[in-house]
Amino acid sequence: MNSVFSNKNLYSIFFLLFIVTILFLPAFLGWQGIFHDDQLEWFPRHYFVAKNLQQGIIPLWDPQDWCGAIPFYARYFADTYYLPLWPFFFLVNLSSLKNCYWMFVLLPLYLQYIIAALGMYFFIKKVLRCNTAASCFGALAYIFSPIFSYAYPWQQVVGIQAWMPWLFITYMSAVKKYCLWKLLLGGAVFALMITSAAPNYI
């Protein structure tokens with residue numbers, strides 16, 4: 001644990017956070033929006049989920065969608081149970097579409113990029129045993145790779161890619177020395193990937 005929080009790693013973490021923030025800065029400052037493609041479809045779904053959760057209801061059906069004929073959790077890219085989104089669902093101000101845009105689009109996507117960058121950094125650093133510079137470069141290459149550049153409107157796909165390095169880390173750690181907690185941690189990471197609602201992209 002001490003090696004994880006060494007000065008070099010802390011500097012690298014701050015560097016990666018800085019780069020991800022710079023990447024999102026045009027959107028944060030309103031110079032360029034991130035709202036197109038399939039986001040037009042799942043934005044109202046997130047609104048529906050947030051409205052229900054704030055009322056203490058876990059939505060299983062949407063009566064306004066095909067008269068409730070399709071289970072809400074069975075919809076394509078239905079990330080209803082992806083827990084990293086739930087804090088945003090509970091904290092969003094549903095009376096403000098601008099706030100919804102931040103809480104449903106910008107901040108969750110920003111968080112996913114941070115998870116991906118840090119995960120790839122630690123995978124390269126700890127598992128592949130590369131130096132700090134190479135690990136930072138690999139993390140940046142990962143978040144600027146085609147899967148992120150092309151699929152960012154589909155946050156569910158980005159969720160799969162964000163947790164992938166962490167799954168590799170837990171798997172390699174368990175192979176090196178088996179412990180029950182490592183198996184449980186790997187299972188939790190895999191559950192996050194599955195509930196991000198794009199398991200076919202794994």
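## A loop residue to start with

R129 sits in the loop between α4 and α5; helices here are DSSP runs of H or I with at least four residues, strands are E runs of at least two, and both are numbered from the N terminus. This is a predicted model, where local features need pLDDT of at least 70, side-chain atom pairs count only at pLDDT 80 or more, and totals for chains, interfaces and linings use all residues. Residues are numbered from 1 along each chain as its sequence is written, and side-chain values use heavy atoms, with hydrogens and water left out.

Back to R129: its phi is positive, about 60°, although R129 is not a glycine. Most residues other than glycine have a negative phi. With 61% relative accessibility, R129 counts as exposed (exposed is over 50% relative accessible area, buried under 20%, partly exposed in between, with a 1.4 Å probe and protein chains only).

## Another positive phi

A197 lies in the segment after α8. Its phi is positive too, near 80°, and A197 is not a glycine. At 14% relative accessibility, A197 counts as buried.

## The nonpolar core

Now for the largest nonpolar core, which has 62 residues. A core like this is a set of buried Ala, Val, Leu, Ile, Met, Phe, Trp, Tyr and Cys residues joined through side-chain atoms within 4.5 Å. V20, F24, I34, F89, F104 and Y113 touch the most other members. Among the elements giving two or more residues are α1 (7–28), α4 (97–127) and α7 (155–176). The largest share, 19 residues, comes from α4.

Take V20: leaving aside neighbours within four places in sequence, V20 is in contact (heavy atoms within 4.5 Å) with Y110, Y113, I114, A117 and I143.

## Two helices side by side

α7 and α8 pack at an angle of about 165°, with their axes 9 Å apart. Axes are lines fitted to C-alpha atoms, for helices over the stretch in contact, and angles run from 0 to 180 degrees between N-to-C directions.

Residues making the contact include W163 and L167 of α7 and L185 and F190 of α8.

## A spot in the α2–α3 loop

L60 is found in the loop between α2 and α3, and is partly exposed at 40% relative accessible area. Leaving aside neighbours within four places in sequence, L60 is in contact with P71, F72, Y73 and Y81. L60 and P71 are 11 residues apart along the chain, with their C-alpha atoms separated by 6.0 Å.
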